[in-house]
Amino acid sequence: MKRVCFDTGSSYFHNPLHGFLNTPDQARDYFSEETFRFHAATAYDSSTRRFRDFTDYRKLFDFLASADEIITFNGRICDLIVLEKLVGQDAMQRVWQKPHHDIAGWRLNWKLENAVKELLPKLAPTFEPVRSERFEKMHGRFGNNTALALADTYRDTKFTYALFRLYEKSGDSERTFREA
């Protein structure tokens, strides 16, 4: 089974003072007049146990479309909405129809860093160093902005997948969705 955990870096921004977004439809409505710039993404393929970096959203979309399941942290109202705005709602159905484990909100953890601190305390001290190390590695291949986006998305993908493994072991299923 090919499970793909991913995170995007983009110009997406939701001001929580404007209300809580809980569903993809709410996010679509909120961002209906917005356009997004895609900066980068990182995806982890559980079948190959490898990370892949993307600077082209079309390649990311094709990669996600080939997955059996999708794993994100807040992807239902952020990452997948950004991608949908870029590729179109009809094309995005290829991804939305897949089982999607969105770990945001599991055990009342709505921020990735807080979830790592609470649920993966042994890994928590590595949260920022992972980002710094990845930036140093990417900096030679990309400009500062892209290297920083890839460092952020790598860290977030790595820790989201670790949280997913814990979620899977727990037997919980309240953060698993099928939107189509």
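The paragraphs below lead through the fold from the overall chain to its sheet and then to its helix contacts.

This is a predicted model, in which local features need pLDDT of at least 70 and side-chain atom pairs count only at pLDDT 80 or more, while totals for chains, interfaces and linings use all residues. Residues are numbered from 1 along each chain as its sequence is written, and side-chain values use heavy atoms, with hydrogens and water left out.

The chain has 7 helices and 6 strands, where helices (H or I, at least four residues) and strands (E, at least two) are DSSP runs numbered from the N terminus. Read along the sequence, these elements follow the pattern β-α-β-β-α-β-α-α-β-α-α-α-β. For 180 residues a compact globule would have a radius of gyration near 16 Å, and the 15 Å of the chain agrees with this; the radius is taken over C-alpha atoms, and the globule rule is 2.2 Å times the number of residues to the power 0.38. The C-alpha trace spans about 40 × 40 × 35 Å along its principal axes.

The strands form an open sheet of 6 strands in the order β3-β2-β1-β4-β5-β6, with mixed pairing; two strands pair if DSSP finds at least two bridges between them. Because β3 (50-54) and β6 (176-177) stand at the edges with a single partner strand each, one side of each is left without a neighbour in the sheet. Elsewhere in the sheet, strand β4 (residues 69-72) and strand β5 (residues 100-102) pair in the parallel sense over 3 bridges, and Thr72 has Asp102 in β5 as its bridge partner.

Helix α3 lies across β1 (3-10), β2 (38-45) and β5, running at about 75 degrees to β1. Here axes are lines fitted to C-alpha atoms, for helices over the stretch in contact, and angles run from 0 to 180 degrees between N-to-C directions. The axes of helix α2 (residues 57-65) and α3 (residues 79-87) come within 11 Å and cross at roughly 115 degrees. The two helices are therefore roughly perpendicular to each other, on a scale where angles under 35 degrees count as roughly parallel, over 145 as roughly antiparallel, 65 to 115 as roughly perpendicular and the rest as oblique. Tyr57, Leu60, Phe61 and Leu64 in α2 meet Leu83, Leu86 and Val87 in α3, contact meaning heavy atoms within 4.5 Å. By class, this contact of α2 with α3 has 7 nonpolar, no polar and no charged residues, with Ala, Val, Leu, Ile, Met, Phe, Trp, Tyr, Cys and Pro counted as nonpolar, Asp, Glu, Lys and Arg as charged, and the others, Gly among them, as polar.
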